[in-house]
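Here is a short report for a reader new to this structure. It goes from the terms to the whole chain, and then to single residues.

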Amino acid sequence: MTMAEAEAGRAAIRRALRSLKRRHLAEEGAHSPAIEALTRPFAAHALEWKEKAEKHELELQQCYKAQSRLSEQLVTEIGEGKASKALLKEKEAMVTSLQAELEKMSEENVQLKQSLEEKTKALDLLIQEHQAVKAELEQALTKLKVAEDENQSLIDRWMLEKMKDAERLNEANAMYEEMVLKLKTAGVGAIQHNAQQEADGIIRRSEGGYMETPIPSTCTITIRAHDGGCGSLMFEHNTDKLISGGQDQTVKIWGAYTGALTSTLHGVLGSVNDLAVTNDNKFVVAACSSNKLFVWEVNGGRPRHTLTGHTKNVSSVDASWVKSFVVASSSNDRTIKIWDLQTGFCKSTIMSASNPNSLAFIDGDIICSGHRDGNLRLWDTRSGKCTTQIAAHLDVTSVCVSRSKNFILTSGRDNVHNLFDVRTLEVCGTFRATGNRVVGSWGKPCISPDENCIAAGSSDGSVYIWSRLKNDTPTILEGHSSSVLASAWCGLGPLATSDRNHIYIWS
């Protein structure tokens, strides 16, 4: 409301008030004679009427004031009404503008939806093309991996043959030097002839995959190895270094001929259940109760990898005899995992219907495993499928493969040790004795390097040695004070066995 309008309203009010006053005065003048006439008879009541008149006059003034306030309020409300009408017009104009803008945005939204649908179709086409290219790439990578594995397998086999040739040559040279020394005290012709025959025999036996191993009879060294027990033993390939793992969360390396500790590998979590060493003696792998495997470098003892993936206790581990960086492990989670030591990652996982208690490599791609359901199973690691299943025991606690890979030795809770011919997968020898008792799932027998004998510990602390070729009573080695948990036969001759407190070296 403008100032002029407000001023006009106030002027109108003032004129109304003056008009009311004039009317009041006129009415008073018109009625004054009557009032005087009435007042004469009632002189006695003059004071009372005067008070009432004053009171009424006061009330009249208050009414005037109230009327003035109401008039001002009316003017104010009229102004506010006009302002509200102006604001309403502005809002209506704004709503009209917003509706126009909404229609415009709706049209743009429709256009954007159409554009999005077109781009989505183009993206789907690109995804299909990408998947096709990815599938082709995976096929190419698979072929490349197969070719690399075959190439590495050939190289490993070639290196293994070279190592065997070098061993045979070293043995022949040693025999020749021994015979040359004997020439000084004996006839030259006869000694040369005998030396040639013995060297030829050594080479022929070595080419056949075995050297004649004498049956040990005497404990030459006793080692206080691990607190709480030593559950796993193994020798490095073609050396006298003995590797042991125990309940004290350490792996130790000993000299078999001296009993001296040469190295201690730390970092294990949980107790050591099994050990493996790669075919080039560069890495040691420990299977542990903490669901993990730990890998060290033999030279220096530096930790290389911690292999994780199993969800329960890792019961067994073995390294490939052909491929230097391939390791297999079994666990109570009913899986067998194949590991790559170059990367530290799992290459493949094999699911089993029964818990595998023990496993061992037969060649580069075939492993055998003993299971709680009593079966011996052979697996192809390339396909992850079981190729053969044989009933061996009530519960297979251990498997061991011979040096030539021609025999598999299994042990079970039925206190029987069965020897299988790998070529026919038939039992070619069964070994048992009255006092021989397998130590639960801990007992780990072994095969001699010449494959003519097997050794197995017993819960009574004795070590039983059977001849594969002679069906006679076993040789019994006594000396342990508690159950024999593990055994390992060195390729150079000594036999190692362990109990809860000590490692015994027999020769």
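## Terms and basis

A residue counts as buried under 20% relative accessible area, as exposed over 50%, and as partly exposed in between (1.4 Å probe, protein chains only). Lys 405 is buried by that rule, because its relative accessible area is 14%.

The model is predicted: local features need pLDDT of at least 70, side-chain atom pairs count only at pLDDT 80 or more, and totals for chains, interfaces and linings use all residues. Residues are numbered from 1 along each chain as its sequence is written, and side-chain values use heavy atoms, with hydrogens and water left out.

## The chain as a whole

The protein chain has 3 helices and 28 strands. Both are DSSP runs, numbered from the N terminus: helices are H or I with at least four residues, strands are E with at least two. The chain has 507 residues, and 40% of them count as buried.

The accessible surface comes to about 28,800 Å². Carbon and sulfur atoms hold 55% of that surface. Areas come from the Shrake-Rupley method with a 1.4 Å probe; for residues, only the protein chains shown count as cover. Now take contacts, meaning heavy atoms within 4.5 Å. Among contacts between residues at least 6 apart in sequence, 45% join residues at least 24 apart.

## Strand 27: Thr 497 and Leu 495

Strand 27 covers residues 495-498, and Thr 497 lies in it. Thr 497 counts as buried because its relative accessibility is 0%. Which side chains make polar contacts with the side chain of Thr 497? One is that of His 480, at 2.7 Å. Another is that of Trp 506, at 2.8 Å. A polar contact is a pair of N or O atoms within 3.5 Å; within protein, one must be able to donate a hydrogen and the other to accept it, and residues adjacent in sequence count only if both atoms are side-chain atoms. Leaving out residues up to four places away in sequence, Thr 497 also touches others, including Leu 233, Val 463, Val 484 and Tyr 504.

Leu 495 is in strand 27 too. Leu 495 is buried, with a relative accessible area of 0%. Residues up to four places away aside, Leu 495 touches Pro 216, Cys 446, Ala 455 and Trp 489, among others. Leu 495 and Ser 217 are 278 residues apart in sequence, yet 9.8 Å apart in space, C-alpha to C-alpha.

## The cavity

Rolling a probe the size of a water molecule over the atoms shows where empty space is left. On a 1 Å grid over the protein atoms alone, a cavity is a set of points where a 1.4 Å probe fits but cannot get out; lining residues have an atom within 4 Å of a point. The structure holds 1 cavity of 30 Å³ or more. The largest cavity has a volume of about 60 Å³. Grid points are joined across faces, edges and corners, and the volume is the space filled by probe spheres set on the points.

Among the lining residues are Ser 411, His 417, Lys 444, Val 484 and Ser 487. Strand 23 (453-457) and strand 26 (486-489) each supply at least two residues of the lining. By class, the lining has 6 nonpolar, 5 polar and 1 charged residues. Here Ala, Val, Leu, Ile, Met, Phe, Trp, Tyr, Cys and Pro count as nonpolar, Asp, Glu, Lys and Arg as charged, and the others, Gly among them, as polar.

Lys 405 is in the loop between strand 18 (396-401) and strand 19 (407-412). Its phi is near 65 degrees, a positive value in a residue other than glycine. Asn 238 is not a glycine either, and has a positive phi of about 60 degrees. Asn 238 is in the loop between strand 2 (230-235) and strand 3 (241-246). Asn 238 is partly exposed, at 37% relative accessible area.

Asp 280 lies in the loop between strand 6 (272-277) and strand 7 (283-288). Asp 280 is partly exposed, at 28%. Its side chain makes a polar contact of 2.6 Å with the side chain of Thr 278. Asp 280 and Val 322 are 42 residues apart in sequence and 9.7 Å apart in space, C-alpha to C-alpha.

## Thr 335

Thr 335 is in strand 12 (residues 335-340). Thr 335 is buried, with a relative accessible area of 6%. A polar contact of 3.2 Å joins its side chain to that of His 310.

Methods:
1 Å grid on protein atoms, 1.4 Å probe; cavity = no way out; pocket = protein on both sides within 12 Å on 5 of 7 lines; lining within 4 Å.
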